[in-house]
Amino acid sequence: MQDFGTTLAEAIGLILLADGDLIEIITLSLRVTLSAVIIACAIGLPFGALVGAFRFPGRAVVTVFLNALMGLPPVVVGLVVYLMLSAAGPLGPLRLLYTPTAMIIAQTILVTPIVAALTRQVIEDLQTEYSEQFASLGVGPLDRIAALLWDARYSLLTVALAGFGRAVAEVGAVIIVGGNINHVTRVMTTTIALETSKGNLELALALGVVLLAIAVIVNAAVMALRASAVRSAYA
Amino acid sequence: MFRRQFLSLALAGTVAATLSAGLSAPVAAADDFIIVQSTTSTQNSGLFDHLLPIFTDKTGIEVRVVAVGTGQAIKNAANGDGDVLFVHARPAEEKFVAAGHGVKRHDVMYNDFVIVGPPSDPAGIAGSSDIVNALTKIASTKAPFASRGDDSGTNKAELRLWKDAGIDVGEASGDWYRETGSGMGATLNTGTGMGAYIMTDRATWIAFGNKGDYEIAVEGDNRMFNQYGIILVNAEKHPNVKSELGKSFVDWVISEDGQSAIANYKVDGQQLFFPNAPAGS
Amino acid sequence: MPDARLKTIEGGRTSPEAAQAPLLMQARKLSFCPNGKPLVDTVDLDIREGRRLVVMGANGAGKSLLLRLLHGLLPPSGGEVVWQGKPLDRAAMREQAMVFQRPVMLRRSVIANLQFALAVRGIGGTERRRRVEEALEQARLGDLARHPARVLSGGEQQRLALARALACTPRLLFLDEPTASLDPASTLAIENLIATAHARGITIVMITHDKGQARRLGDDIAFLHGGRLVETGPAARVLETPNSGAARAWLEGRLYLDDLSSTPSPTP
């Protein structure tokens, strides 16, 4: 095997060459992951905020479940989604198996509990700070949720990032429901798995470096945004 | 004010999400493609990368390959999640057709299995062409052997050979007999790492990029013959199967055109698969 | 409302006049006993329209809890709070406002903090703009309107908190040690804002440990000890000649341990 420096050089070479296939794979990775994260946020943010901001019977149970679901094994999620979307399954007629949509569904299921559970924690902490003032102002339930979500927006960016990290690095679920079909459902992680199984470890590692670079860029961008917010005390 | 901001934010998010989900729908809705459930050996050896563009150029039909172990490929096809099944485990394939899942099974091509091993050759089998004798030596010296252990075509063939040698590997599992439960490539990576003998199809081995100092130890026994078959999934059982498109693929693969395309595929000057579809089928 | 101010100046010294002001709020046998321990113990208290009541007492006497019970932020364990003859409800809470010792600022601009408080009360449009303008001017925060509220100094934040409470035009304003952590200049600014609010006829209930502030801002004093109301009366009288042992000891700067059952009494 080559040393890490050569691997890195190969990765940079791939990027500089802007290999068409690689660009396609990266684009699909980002499309699938970002879609899943956006949908997961659309569901998980309000849900987590509800659990974090209100007391209701069974709240502790819901919290435990949410936290436990953060550890959902991707392969299990992939299997369940496969059984659902399979031609023999209840959602078979939608013909979504082996499409990017199927991968988005699987990743959404993986990411939503992460977003919801972390949102609950963030919102609960902020709620502790705001609760008396809100009660004094007579803030209603809807306004409360909206205000907490809005005021926690920069912390929630980090929450979305955690979801992004999980989704972008995930391989077990997407390979089952996507099928790793060339030019259709092949993403960064499934390509890495494929190249590893072909014994092309250098190429697999190079792709891993590219994936890492993407993750670093996304995180750096969000953190820069957050840092400016911290400076102005909005976070 | 803050509420409107938040709502518009949420709205924009939802719209974007729906849009991106929606964008992928047309891909699924376009009907000029078929799904082929196949095995890792055909994919990892690069055969499909060579074969499919020729077919697509000719017919305009896009072929999407899902490459998994033969066992899983057959199960997926039996669920109706594929139009064509292209694997290498003849008895299981015939069972698939008999159960009504497939229309008809055609021989496509063959290659052979080989045993690869480390240069130290702890079982002393290098150069042998008698697989039963070689396996017996491995068992008696307790030299490590890495098995797929995943119900794939290769795994089935390997277990049949152990049986021929009269060795119960189940007893040795976890000792010198190690089941990786993974694909061919992963098993090669693992096996070479632990200095174990591994049975692999020749095509995957030739195309494999992480051989290290491993060499072929056993080859040339006709019991290590590896036959590939192709089956059109039965639309009577699975109504969503694209029979017409699937049939044109099956027909092309076993046609003179397809067969010579298979024969022409070479890695490092070596032919990987040998077409043997009966002429005129 | 010059009338209210006049009455205040007089009323600071005479208790009969306090009794003449109409009753706004009442605590009847109000108790708060989490885990069975009475932290506020059967308190009866009248709050009269337009008056300024100062609540005093040692740390842990139950002053903050009493304010929260009166404002409806905590559910009483016993007794009740009566607002204008009726039990305290959400509508009544909307006629009250409270400023906390540590101001709670939303993670938004100064102006957005004001807008939020008005928006949740359904006040919008030109009326909201007018009140925001007025609040900014009152708190002298016009130049900082677009700044994030949480980068303001402690004094500025408390001015904003008070202006935010007043923008909601409450009839009753609760103040929980609003100047406890402020420097003299900031304290003066807050006191001026409180005086202005009172001049507009707003009833004030405030906690302070500062005797001077109690004298300056209080018409009446309610003195708490160990969760019990031990003395009420005109501010000047209570500060000069307290009747209860607890108030006397506290004003003299002594630790008063009488009738704290957990501690043996050191003095006869």
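Q: Let's start with the rings. How many aromatic pairs does the structure hold over all chains?

A: There are 15 aromatic pairs over all chains. A pair is counted when the centres of two rings of Phe, Tyr or Trp (its six-membered ring) lie within 6.5 Å; planes under 30 degrees apart are stacked, over 60 edge-to-face, and the rest tilted. Before going on, note that this is a predicted model, where local features need pLDDT of at least 70 and side-chain atom pairs count only at pLDDT 80 or more, while totals for chains, interfaces and linings use all residues. Residues are numbered from 1 along each chain as its sequence is written, chains are lettered from A and ligands numbered from 1 in the order in which they are written, and side-chain values use heavy atoms, leaving out hydrogens and water.

Q: How do I read the pair B:F145 and B:W162, and which parts does it tie together?

A: The ring centres are 5.1 Å apart and the planes stand at 85°, so this pair is edge-to-face. B:F145 sits in strand β5 (residues 145–147) of chain B and B:W162 in helix α7 of chain B, so the pair links parts 17 residues apart in sequence. Helices (H or I, at least four residues) and strands (E, at least two) are DSSP runs numbered from the N terminus.

Q: What about B:W205 and B:F208: stacked or edge-to-face?

A: B:W205 and B:F208 are stacked, at 6.3 Å centre to centre with 20° between the planes. With a relative accessibility of 4%, B:W205 counts as buried. B:F208 is also buried, at 4%.

Q: How do I read the packing of two helices, say α6 and α7 of chain B?

A: Two packed helices are described by the angle between their axes and the distance between the axes. Here α6 (residues 131–141) and α7 (residues 153–164) of chain B meet at about 80°, with axes 9 Å apart. The two are therefore roughly perpendicular, the label for 65 to 115 degrees (under 35 is roughly parallel, over 145 roughly antiparallel, the rest oblique). From α6(B) the contact takes B:I131, B:V132, B:L135 and B:I138, and from α7(B) B:L161, B:W162 and B:D164; contact means heavy atoms within 4.5 Å. By class, that contact has 6 nonpolar, no polar and 1 charged residues.

Q: Which residues of helix α4 of chain B are buried, and what follows the helix?

A: In α4(B), residues 70–78, the buried ones are B:T70, B:G71, B:A73, B:I74, B:N76 and B:A77. After α4(B) comes B:G80, with a positive phi near 85°.

Q: Zooming out, what are the helix and strand counts of chain B and of chain A?

A: Chain B has 12 helices and 12 strands, whereas chain A has 10 helices and 0 strands. The C-alpha trace of chain A spans about 65 × 50 × 25 Å along its principal axes.

Key. Axes fitted to C-alpha atoms, helices over the stretch in contact; angles between N-to-C directions. Nonpolar A, V, L, I, M, F, W, Y, C, P; charged D, E, K, R; others polar. Buried < 20%, exposed > 50% of the residue type's maximum accessible area, 1.4 Å probe, protein only.
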